[in-house]
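Okay, everyone, thanks for coming.

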Amino acid sequence: MVDYYEMGKRVRLRRMENHMTQEQLSELCEVSNNHISSIEKGTHHPSLNLMKNISDSLNTSLDFLVKGDTKRRSVPLDIIERINSYDDDKMKSLIRYMNYLDGLPYK
């Protein structure tokens, strides 16, 4: 069973992590600002198609939004956009740095 209140809290959390307003999310999903607000409050039960649009717009998994599944962590949209703008040299440097970080012990 879906807990719409908790789902709404997760939508709001991801929206804020992506530095996005309700208005911006509503434009991306082609719904009204009030619609997004109602989803975040847990008072509206959105369709699966709308939830898929929201998850895509927030660069997060549908599982996380609906069930709170945190097995896969999402990357904030601003970081993805920044990485996508990198040329080949910057991308190679980023990969080298990530490989370096992967070798560090987790604390």
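So, aromatic pairs: counting by the ring-centre rule, we get one of them. When you describe a pair of aromatic rings, you give the distance of the centres and the angle of the planes. Keep in mind as I go on that this is a predicted model.

While we're on rings, have a look at Phe 64. The charged end of Arg 14 sits over the Phe 64 ring, and the distance to the ring centre is 3.9 Å. Phe 64 also has something at its backbone: a polar side-chain atom of Ser 61 lies 2.9 Å from the backbone nitrogen of Phe 64. And where is Ser 61? You'll find Ser 61 in the loop between α4 and α5.

Asn 59 has a relative accessible area of 26%, so we call it partly exposed. Now, how far apart are Asn 59 and Arg 15? In sequence they are 44 residues apart, but in space their C-alpha atoms are 9.4 Å apart.

That brings us to the first helix, α1, which runs over residues 4-17. Helix α1 has 14 residues, and from first C-alpha to last it reaches 20 Å, close to the 20 Å you'd expect at 1.5 Å a residue. Which residues of α1 are buried? They are Met 7, Gly 8, Arg 10, Val 11, Arg 14 and Arg 15. Those residues cover an arc of only 160° around the axis, so they end up on the same side of α1. As a reminder, an α-helix has 3.6 residues a turn, so residues three or four places apart point the same way. And what do the buried residues of α1 pack against? They pack against α2 (22-29), α3 (33-41), α4 (48-57) and α5 (62-67).

Now the two ends of α1. At the start, a side-chain oxygen of Asp 3 comes to within 3.1 Å of the backbone nitrogen of Tyr 5. Just after α1, there's His 19, with a positive phi of about 55°. His 19 lies in the loop between α1 and α2, and it counts as exposed because its relative accessible area is 61%.

Glu 30 is worth a look too: Glu 30 has a positive phi of about 55°, although it is not a glycine. This one is in the loop between α2 and α3. Glu 30 is exposed, with a relative accessible area of 73%.

Next loop along, please. Pro 46 is in the loop between α3 and α4. With a relative accessible area of 11%, Pro 46 is buried. What does Pro 46 touch, leaving aside neighbours within four places in sequence? Its contacts are Tyr 4, Met 7, Ile 39 and Met 51. Take Tyr 4: Pro 46 and Tyr 4 are 42 residues apart in sequence, yet 9.0 Å apart in space, C-alpha to C-alpha. Met 7, also on that contact list, is one of the buried residues of α1.

Last stop, α7. Helix α7 covers residues 88-102, which makes 15 residues, and it reaches 21 Å from first C-alpha to last, close to the expected 21 Å. At its start, a side-chain oxygen of Asp 87 reaches to within 3.2 Å of the backbone nitrogen of Asp 89.

Note on methods. Residues are numbered from 1 along each chain as its sequence is written. This is a predicted model: local features need pLDDT of at least 70, side-chain atom pairs count only at pLDDT 80 or more; totals for chains, interfaces and linings use all residues. Side-chain values use heavy atoms; hydrogens and water are left out. Helices (H or I, at least four residues) and strands (E, at least two) are DSSP runs, numbered from the N terminus. The expected span of a helix is 1.5 Å times one less than its number of residues. Buried means under 20% relative accessible area, exposed over 50%, partly exposed in between (1.4 Å probe, protein chains only). The arc is that of the directions from the helix axis to the C-beta atoms. Contact means heavy atoms within 4.5 Å. A polar contact is a pair of N or O atoms within 3.5 Å; within protein, one must be able to donate a hydrogen and the other to accept it, and residues adjacent in sequence count only if both atoms are side-chain atoms. Rings of Phe, Tyr and Trp (its six-membered ring) pair if their centres lie within 6.5 Å; planes under 30 degrees apart count as stacked, over 60 as edge-to-face and the rest as tilted. A charge sits over a ring if NZ of Lys or CZ of Arg is within 6 Å of the ring centre and within 35 degrees of the ring normal.
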